[in-house]
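Let's work through a few exercises together. Have a look at the structure first, then try each task before you read its solution.

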Amino acid sequence: MHQLQPQPEVTTSLQFNTHLASNSAQNTTQVQRFAWENLQTEVQQVDWLILHFNDWFSHLNVTLVRGEFEPEYFPATTESPARIQFAHGFFNSALHEISHWTIAGDKRRLLPDLGYWYAPDGRTAEQQALFEQVEIKPQAIEWLFSKAFGRKFRVSLDNLTGDGGDGSTFKDNVYLQLQKYLSGEAKLPRDAKHFIDCICAVTRGGKTLQSDEFQRDALD
């Protein structure tokens, strides 16, 4: 998650909602038409993800949108749904932002950028430790999402010019948190579980994720 940026200019809310409504039937057809395993490019996979996410979570008045710049979350208004905006059209960025959204409770979903504090790249060791503390659960959940899609997951320290260390402790913590989710020691957020169940239904024939599919050394 990043510092709040001015909300980009868009068409009016009425136009936005009309556009969504007019594409509803077409999107549903597309959701049903394309099989995940037949998609060949990142762009196709991102389009598939957007269509499916927006279908699976239509009951929560939220949409996933491709962003041109940094990721940001925009709460719902009386005229438009909430928007989870991911960075630069990247599939992995979409999964990361979704993971943060699934962890956020109803109150934080009312706040711009889910109420996250964010220190930019170049953090001190102390700032990086705080950053990693709040990133353990989202990145463990993101790993589950990635595995369900059959994609490679990489942890993100997001501190290229700062004092981030080698990340080994953070990777340990992400792995341990993931195993807690899989064992039931820690409860997956409701919407994270729903998302994983939906993904597995269409990419794995309903086969659930198993702990032996995840190895700590895969993070190195």
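A residue is buried at under 20% relative accessible area, exposed at over 50%, and partly exposed in between, using a 1.4 Å probe on protein chains only. This is a predicted model, where local features need pLDDT of at least 70, side-chain atom pairs count only at pLDDT 80 or more, and totals for chains, interfaces and linings use all residues. Residues are numbered from 1 along each chain as its sequence is written, and side-chain values use heavy atoms, leaving out hydrogens and water.

**Exercise 1.** Work out whether F153 is buried or exposed.

*Solution.* Take its relative accessibility, which is 4%. Compare that with the cut-off: F153 counts as buried because of this value.

**Exercise 2.** Classify the ring pairs W143 with F153 and W48 with W56.

*Solution.* Start with the rule: rings of Phe, Tyr and Trp (its six-membered ring) pair if their centres lie within 6.5 Å, and planes under 30 degrees apart are stacked, over 60 edge-to-face, the rest tilted. A search of the whole structure gives 17 such pairs. For W48 and W56, the centres are 6.2 Å apart and the planes are at 80 degrees, so this pair is edge-to-face. Both W48 and W56 are buried. For W143 and F153, we get 5.6 Å centre to centre and 15 degrees between the planes, which is stacked.

Helices (H or I, at least four residues) and strands (E, at least two) are DSSP runs, numbered from the N terminus. W143 belongs to helix α5 (residues 125-149), while F153 is in the loop between α5 and α6 (168-183), ten residues apart.

**Exercise 3.** Find which ring has the charged end of R109 over it.

*Solution.* The test is that NZ of Lys or CZ of Arg lies within 6 Å of the ring centre and within 35 degrees of the ring normal. For R109 the ring is that of W101, with the charged end 3.8 Å from its centre.

**Exercise 4.** Describe the surroundings of P189.

*Solution.* First locate P189: the loop between α6 and α7 (190-203). Its relative accessible area is 17%, so P189 is buried. Then list its contacts (heavy atoms within 4.5 Å): leaving out residues up to four places away in sequence, P189 touches T102, I103, I141 and Y181. Finally, check I103: it is 86 residues from P189 in sequence, yet the C-alpha atoms are 5.9 Å apart.
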